[in-house]
Amino acid sequence: MNPDDVFSDFGDIEAFSRVCRIDSIAASAAGRVVAEVRWPVSSGARLKSSLWELDPHGEKRARRITFSEEGERAPRFCADGSLIFVSRRHGGAGEGEPRQTSLWRLPEHGEAHRLAGFAGDLTVHGIAEDGTVLASTSVLVGSNLDNDATRRKERRESERSTILHTGMPIRHYDRELGEACPHLVLVRPDGGVVDLTPDVDAIALVGVTADISPDGRRVVTTWKERLTGAATRANLMLIDTHTLEQTPYLSCADGADFTAPVFSPSGARLAVTRTTRPTPTDPQYAFLEIRTLDGDADAVVADVGDMTVKEYTWQAEENLLATGDLHSSGAVISIDSANGRSVAIVTGGVFASLATTAGEDVFALRNSLLAPSEPVRLRHPDLPFALPAPGRIGALPGRLERVEVEVDGTRVGGWLCTPNSATISHPAPAMLWVHGGPHSSYNAWGWRWNPWLAVARGYAVLMPDPAMSTGYGHSGLKRGWPRRPDVVYRECEALFDQVIRRDEIDHTRTAMLGGSFGGFMANWIAGQTDRFDAIVSHASLWALDQQHRTTDLATDKMRAHGHEADNADWYRAFSPNVNLSRVVTPMLITHGDQDYRVPVSESLRMWWDLVSSWDGPPETMPHRFLQMTNENHAIVRPSNTKTWIQVVLAFCDQHVLGAGPISEELVS
C-alpha cells in the first residue's frame, strides 16, 4: 500500500494488513520532527521501517529520508540537530560476515555515517549534550565486545544452543535468558565504544531501563539482583562514565522495584517509577516519583489521579510531562517537580512517544479506537494539531459509542462499535471482547484486535473496561483482585446484557473473544455458561497450577496466588480446566509456540482435554486449534496476523451466522 494512500476498506483484510503504521517520533530542540514508519514487506513475513521527516506546522506532506533495504528505526536527536538511528544497513561488517546492528548519525546536512556496530541487538536509552549515546546490547555469556561476533559465529556454525541456568528467571517475555546478557555501552561522537558493564552477571540488566545525565558524567540504570525463593529485586545503580565505578542509588527492602529512570535537564533530579509487588490482597501499584540525586530530600510523589502512567519526559527543570491510560482513554499531564501537583494538558486519546523542543512545543503520537497512531502537536491554539503523515485511515464502517452500566455500586464503562448496516429490521450479531492484562484498557487502535474488521463483517463489538482495568486509579486495579474472573465476568455481562437489549442488536446471535487474561476469561466463561454461540481464546490460561510455574512471571504469580494446596478454594473456583465437562460452546484456540508469558503448554493441554473428551464422531467435533509455530505472546508477522484475523472471523461466521466451515486455504 502506498504510504500516501487513505485506507477505508475494512472488509479487505489483506489491504488492512499492509497499512503503514507509525511507531515513534523524535523532535529536535529547533523543532524538526522525524517519525519511524513501518509497513509489511511484499512477502508479509516482517515489518520494514524507515524514517520520515514531518512538517511541524502541518502544511507539507511527510518526506521519506532513509531508504535502505534493511530499514532504520529508533530515531533520536542530538543537541547539535543531528539524528541518531539504528539499522542493519550496509557498512562495517567484513566480507562474508553477518551484518551488524549499528548506530548511525545523520547530520542536518549531508549523508549518514556509521558510528559503531554490535553483534547483538541494540537499544538506545539516552544521549548526552555532547552527542555521547547510551545504549544496551546483548553479549554472549563469557564474551566481551571484542570477541562477541567471533564467538557467536562459532556457536552458530557448530549449531550449539545449550544454556546452563544457575537460577531464576530463565525467560523474559519471548526471549531465553542465559545465552547472552545485556551490557550497557557508551558510543562516543567519534565512534569510540566503552563497555560500562564488562563484568555484569546474566540477569542484572534484563529488561534494562537507563538514562545518561546531560553532561555525560554518569548513567543511572535498573539493576536486578537475585533473592531467595526465586525472586528478584530491581534496584537503581549509578555508574561514573569515566571511572566505571558503580554506586548503588535506590533499593527497596519492603517489596518494591524501580524502573524507567529519567534525568532532569540539569541532571540534579530523577524521575523514576517505584512499583510494588503483587500479594494475595493487593495487585501491583506504580508510583511516579521525583528524586534529588545529591541530598537526602524525600521523594516527591506525583499526584496523577486515576491515570495509569505509561511514559514521561522532562519539559523543563520545573515540570515533567506524563501520559497514560485514563477512563477508557488517555491524557497528557504536566507535573510540578517541586510538589507533585499535576494539570491536564490534553485528553481524548492515548498518547505516546512524547517529544519536546527548546520552546513550548510538545509532539506526541495520538492513538484511539477511531484511528491508529498519528503525530500531533500539543502546544497549539487548537489542541491537538495533527501533522500529515503516512498511514491515514478514512471512513470507518460503523459508529463508536461510550456505554456504561452500574454494577454493585460501581460505574463500569466500555466502548460499543455498531455497524452502519445495523437496523431494527436487520439487527447485528454481537461480540463481547475481554481485554488482556488484566491491568490494561480497551482504549486504543489494534492491528490484530481491531473491532472495525468485525464491524465491517456486520458484527456489533462491545469492549468493556471491567475490574482491574488501568486508568481508574489504584481502587480500579484492586477491584476484582486477586484475578477474580467471576467479578470481571459479572461486570462484562451486565454491560453486554444492557447493549444487546437494543433493537439494532440481535441478542440471539453472540460470540465472546479474549486474549491472554481475556483468553483465560474465555476459557473460564466456557465452563460457566452456554449463552454464546462461539468462543475464541488466544494465548490463554487453562490449568492455573501449571501456568503459574511455567510463565516467565512465575515468581509474581506464585506470590499472589500461592500453592494450590494452600489456596485450594481459589484454584478450584477459577482454574478453567476444572470445568472441562461443562464446556459445550464451540471454541477456537489460538497460540504461538514461542509464547513464554503464557506457555503454549496451556493450549496443548486444553486441546487434549477438549478432543479426548469429545464422545461424538471425530468429524463432528466443533473445536479448532490455530497453532502458530514461530510466534510469541503477540502475533507479530503481518502474514500470520492476516491469517489469524481471517480464521477468527470465519470461525465466528460459522457458528454465529451459520456460514460454512473454515477453509483450509486460509492457513495453507
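A salt bridge is taken here as a side-chain nitrogen of Lys or Arg within 4 Å of a carboxyl oxygen of Asp or Glu. By this rule, 36 salt bridges are counted. The model is a predicted one, in which local features need pLDDT of at least 70 and side-chain atom pairs count only at pLDDT 80 or more, while totals for chains, interfaces and linings use all residues. Residues are numbered from 1 along each chain as its sequence is written, and side-chain values use heavy atoms, with hydrogens and water left out.

Three of these pairs are worth a friendly look. Glu-53 and Arg-63 form a salt bridge whose closest N and O atoms are 3.5 Å apart. The pair links distant parts of the chain, strand β4 (residues 47–54) holding Glu-53 and strand β5 (residues 63–64) holding Arg-63, 10 residues apart; strands (E, at least two residues) and helices (H or I, at least four) are DSSP runs, numbered from the N terminus. Glu-53 is buried, at 15% relative accessible area; buried means under 20%, exposed over 50% and partly exposed in between (1.4 Å probe, protein chains only).

Asp-282 pairs with Lys-478 in a salt bridge, with 3.3 Å between the closest N and O atoms. Asp-282 is partly exposed at 22%, and Lys-478 is partly exposed at 39%.

In the salt bridge between Glu-493 and Arg-531, the closest N and O atoms are 2.8 Å apart.
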